[in-house]
Amino acid sequence: MERFALARGMALKKDNHYQALVAKDGGLWLVLPQTFMNASGRAVQMLAGFFKIPAEEILVVHDELDFPPGTARIKQGGGISGHNGLRDISQRLGSHDYWRLRLGVGRPADIDGADYVLEKPPAEEREAIEGSIARALEVLPQMLEGDAQGAMNKLHSQDKPVVSKKAEEKKPEPNKPEAKKSEPAPAPKPESKVAAKPEGGLKGFFKGLTGSKK
């Protein structure tokens, strides 16, 4: 969010009414909620309701546990995959039809997801996440101009995912088939020889959301 604002010359300023950092450029709003993550929908609902912005013109940026670090995906609608921030937004808007920019962070095997997103990622994963953010920023202007399909095609073809080391460490080993017990070779007959064989555009609103708080 901060990088996008900087690139467009927009200054994010605290707005106590919306409980968020807010910036505006023409018909485009940037909103970074300052509430707990599970109350992120409050700022979205208030601003979208006042300026009559439909869900179809809202883009939510969020972390995605189901994607490995280095993956970025854009889609419209769908479920919430247990994400408390998305749950609150969907409930307050009364719709799932907003757009999502999903940035992969990997799913941990040994700790709760809410705690996991608060941890600092290892250097390799952080580099991959930074790369996915940079690629997403490149296609956002195209999406804002109305070419969502073109933006998706470009972004989705540039993935550079890395496997989370924590997930890799806890990954169970595949079941190996039991080795067949070798049967003793029959005793050679006298005088015999044994031979060995060798996978609308956005005009009104851009919403930033990270899983930084429960």
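Trainee: Is Arg42 buried, partly exposed or exposed, and at what relative accessibility?

Mentor: Buried means under 20% relative accessible area, exposed over 50%, and partly exposed in between, with a 1.4 Å probe and protein chains only. The value for Arg42 is 28%, so Arg42 counts as partly exposed, at a relative accessibility of 28%. The model is predicted: local features need pLDDT of at least 70, side-chain atom pairs count only at pLDDT 80 or more, and totals for chains, interfaces and linings use all residues. Residues are numbered from 1 along each chain as its sequence is written, and side-chain values use heavy atoms, with hydrogens and water left out.

Trainee: In which helix is Arg42 found?

Mentor: Helices (H or I, at least four residues) and strands (E, at least two) are DSSP runs, numbered from the N terminus. The run that holds Arg42 covers residues 41–50, and this is helix α2.

Trainee: Which residues does Arg42 touch, not counting those up to four places away in sequence?

Mentor: Contact means heavy atoms within 4.5 Å. With residues up to four places away left out, the residues touched by Arg42 are Gln19, Thr35, Asp88 and Arg92.

Trainee: Which backbone oxygen does the side chain of Ser40 reach?

Mentor: Ser40 lies in the loop between β3 (28–33) and α2. Ser40 counts as buried because its relative accessibility is 1%. At 2.6 Å, its side chain reaches the backbone oxygen of Met37.

Trainee: How many helices and strands does the protein chain have?

Mentor: From the N terminus on, the elements run α-β-β-β-α-β-β-α-β-α-α-α-α-β. The secondary structure of the protein chain therefore comes to seven helices and seven strands.

Conventions
Polar contact = N/O pair within 3.5 Å; in protein donor to acceptor, adjacent residues only side chain to side chain.
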